[in-house]
Amino acid sequence: MAAASNFKSARARSRFRQKLLAWYGVNGRALPWRETRDPYRIWVSEIMLQQTRVAAVLDHYRRFLKQFPSVQALAQAQESAVLAAWSGLGYYRRARMLHAAAKKVAHEYAGQIPDSAEALRNLPGIGRYTANAIASIAFAEPVAVVDGNVERVLARMSEVPIAQSELWTTAQNLLDPARPGDFNQAMMELGATICLPGVPECHRCPVKSACCSRGQKLVARTPGAQRLRKSASLKLVMRNGKILLRQRPTSAQLMPGMWELPEYARGIRRQPQLRLKHSITSTDWSINVYTCRASVSSGETWVPLSQLARLPLTGLTRKILRRTNLLA
Ligand code: SF4
């Protein structure tokens with residue numbers, strides 16, 4: 001099947017594109033990565049936005065680009081500095097792959113980011129979605145994207161079920177070849193703000209006249225894995241302008257090589273100085289933080305407070321240090 005059956009005619013596709021793009025022009029959210037055609041800035045945003053909400057990305061995006069304003073600057077950076085700038089976004093493998101890809105661009109492409117989706121896919125951490133997003137937005141290459149939002153919109157709009165294997169072809173046939181970057185972003189925006197995962201807001205939908213279901217066909221949500229609840233006690237130990245930290249093993253599955261507060265293993269009867277909640281991947285943590293007298297266990301290191309900002313800290317550690325005013 002080349003297109004969803006309700007978009008077989010060129011006229012129907014053209015009308016759909018016009019309506020969607022007109023709506024997006026007025027209603028698209030003003031986001032910093034939408035104000036640029038710089039492939040590096042678009043690439044960074046696409047990597048940060050993987051599995052992360054827009055609101056959580058905004059600050060990190062601005063700070064990251066201030067610190068690494070170009071692909072060359074990123075390629076020359078130490079991995080620890082890249083991880084430190086990524087701290088709080090989670091899924092640190094993304095930062096490592098982005099860094100590795102920047103080095104590859106610097107060394108094998110003379111600092112020029114490849115300008116086609118096909119070539120972009122040779123870089124670490126760039127799959128079909130990311131390559132097509134960068135190529136369509138930065139270089140106006142007519143290649144469609146399919147993410148969860150686009151898939152849901154297509155499934156609801158289509159008269160007939162769309163097989164997984166046909167999703168990309170369907171999206172490609174619907175794409176506006178004259179404005180592929182805007183079209184792709186408009187489809188994702190429609191899914192993110194109107195054709196919502198739960199109940200779609202069809203009364204506000206700019207393309208409802210082309211939609212076969214108008215909310216009647218609710219796309220089944222994949223049941224999410226049950227979240228785990230865990231608790232931990234951490235110690236906050238300071239002496240002479242230094243704080244006691246430990247570095248996670250570089251072989252650790254989660255956050256390898258990053259720095260964190262040491263665990264407080266002894267049975268504790270007193271009140272913690274700080275209690276907080278923190279969610280990482282599929283686990284919701286309840287954390288108690290205790291100030292303690294200086295005693296160093298194996299694997300723990302004194303780190304000057306003045307160096308904290310440059311250290312790749314875990315998101316939880318950064319949160320605790322901010323709450324206790326040890327980090328800006
Ligand atoms: S009419 Fe409703 S179900 Fe159809 S695309 Fe618009 S928001 Fe989604």
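Me: A residue is buried if 20 or more other C-beta atoms lie within 10 Å of its own, exposed if 12 or fewer, and partly exposed in between, with C-beta atoms placed from the backbone. Is Asn240 buried or exposed?

Reply: This is a predicted model, in which local features need pLDDT of at least 70 and side-chain atom pairs count only at pLDDT 80 or more, while totals for chains, interfaces and linings use all residues. Residues are numbered from 1 along each chain as its sequence is written. Asn240 is not a glycine, yet its phi is positive, near 50 degrees. With 8 other C-beta atoms within 10 Å, Asn240 is exposed.

Me: Where does Asn240 lie?

Reply: Helices (H or I, at least four residues) and strands (E, at least two) are DSSP runs, numbered from the N terminus. Asn240 falls between two such strands, in the loop from strand 2 (238-239) to strand 3 (242-247).

Me: How many helices and strands does the protein have?

Reply: The C-alpha trace spans about 75 × 50 × 35 Å along its principal axes. Of the 328 residues, 33% count as buried. The secondary structure count is twelve helices and seven strands.

Me: What share of the contacts with a separation of 6 or more comes from residues 24 or more positions apart?

Reply: Two residues are in contact if their C-beta atoms, placed from the backbone, lie within 7 Å. Among contacts with a separation of 6 or more, the share from residues 24 or more positions apart is 67%.

Me: How far apart are the C-alpha centres of domain 1 and domain 2?

Reply: The bounds come from an automatic or database domain assignment. They are 5-210 for domain 1 and 228-323 for domain 2. The two C-alpha centres are separated by 35 Å.

Me: How many residues does the contact take from domain 1 and from domain 2, and how do those of domain 1 divide by class?

Reply: The contact takes eight residues from domain 1 and ten residues from domain 2. For the classes, Ala, Val, Leu, Ile, Met, Phe, Trp, Tyr, Cys and Pro count as nonpolar, Asp, Glu, Lys and Arg as charged, and the others, Gly among them, as polar. The side of domain 1 that touches domain 2 has four nonpolar, four polar and no charged residues.

Me: Which residues come nearest the ligand?

Reply: A residue is near a molecule or strand if its C-beta atom, placed from the backbone, lies within 6 Å of it. By class, the ligand shell has nine nonpolar, two polar and three charged residues. Of the 14 residues around the ligand, the nearest are Cys195, Pro200, Cys202, Cys205 and Cys211.

Me: Why do the buried residues of helix 6 line one face?

Reply: An α-helix has 3.6 residues a turn, so residues three or four places apart point the same way. In helix 6 the buried residues are Ala95, Leu98, His99, Ala101, Ala102 and Val105. The arc is that of the directions from the helix axis to the C-beta atoms. Seen down the axis, these buried residues line one face because they fall within an arc of 165 degrees.

Me: Which exposed residues does helix 6 carry on the face turned away from its buried side?

Reply: The buried side has cover that includes helix 2 (39-49), helix 4 (71-76) and helix 5 (79-86). Just after the helix, Ala110 takes a positive phi of about 50 degrees. The face turned away carries the exposed residues Arg93, His107 and Glu108.

Me: Which helices do the buried residues of helix 11 pack against?

Reply: Twelve of the 14 residues of helix 11 are buried, so the rest of the structure largely encloses it. Phe183, Met187 and Leu190 are among them. The packing partners are helix 1 (10-27), helix 8 (128-139) and helix 9.

Me: Which residues does Cys292 touch, not counting those up to four places away in sequence?

Reply: Cys292 sits in the loop between strand 6 (283-291) and strand 7 (300-304). Cys292 counts as partly exposed, with 17 C-beta neighbours inside 10 Å. Beyond four places in sequence, Cys292 touches Lys235, Val237 and Tyr264.
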